[in-house]
Amino acid sequence: MSNIYKAFEGKKAFIPFITCGDPELETTAKIVRRAADAGASLIELGIPFSDPTAEGEVIQTANIRALSAGTTTDGIFDLVRDLRCDVTIPLVFMTYANVVYSYGADDFLSKCSDTGIDGLILPDLPFEEKEEFLEPCHKYGVDLISLIAPTSKDRIAMIAREAEGFIYLVSSLGVTGVRSEISTDLESIVKLIRENSDINCAIGFGISTPDQARKMAGISDGAIVGSAIVKMIGQYGKDAPEHVYEYVKAMSEAVSGR
């Protein structure tokens, strides 16, 4: 078992997503540290990719900025190694299967273990095709985190039974991005997950306000926010760390019911 369970231990989790290298890795390091200071339970670190199919315009643009700044996977591993000097909360990578495949799955997961990455999320990896990545994940003690979407339907129970780390429950159809309202019947999906697994479940996609985060945490074990934070980073650039701190603090307090 990885350290991911600690993000949910005795509390609801707030999980921010940050695109590594946007605007450059030095600022990413500052943002991650300030997010941890502000009460983030776990942080998703996005490895930029040229064709991020699950992402909306905000995160797609952040990927372009990061790649244009010269961000590399090896540079991100160096970032994580530095962060682990003082950041103790769980860290997971979120990227695409081709990034891991082209690096070499065994080498990639070995470096995840060496640098202190606790989990891996690959939104374009079909559940039925996960074995190629699952073996090296288990070899190096990294959780391969499963996503469940409203379209998963008859597969929800099966995915839940085999899930590890935590379940990333996608709130809405479509790509990432801020939504004014989330209308999916998430309660019934969470109920089915609970009937098949005792693993923690956090809801992401479309969450941007404390009220939304509070509601999603009330349904599940936590809330995940990406686009609202990435948009803030795009707006403020190198001055973003303190803005992210205030936002994460407010969202963490909302999720915990304060």
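The protein chain of this predicted model has a mean pLDDT of 92, and 93% of its residues reach 70 or more; pLDDT is the predictor's confidence in each residue, from 0 to 100. Residues 174-183 have a pLDDT below 50, and this stretch makes 33 contacts in the model beyond near neighbours in sequence, a contact being heavy atoms within 4.5 Å. Where pLDDT is low, the predicted coordinates should not be read in detail.

Residues are numbered from 1 along each chain as its sequence is written, and side-chain values use heavy atoms, with hydrogens and water left out. In this predicted model, local features need pLDDT of at least 70 and side-chain atom pairs count only at pLDDT 80 or more, whereas totals for chains, interfaces and linings use all residues.

**Backbone features**

A cis peptide bond links Asp-22 to Pro-23, with omega near 5°. Pro-23 lies in the loop between β1 (13-19) and α1 (25-37); helices (H or I, at least four residues) and strands (E, at least two) are DSSP runs, numbered from the N terminus.

Accessibility was computed with a 1.4 Å probe on protein chains only; buried means under 20% relative accessible area, exposed over 50%, and partly exposed in between. Lys-153 counts as exposed because its relative accessibility is 60%. Phe-205, with a relative accessible area of 8%, is buried.
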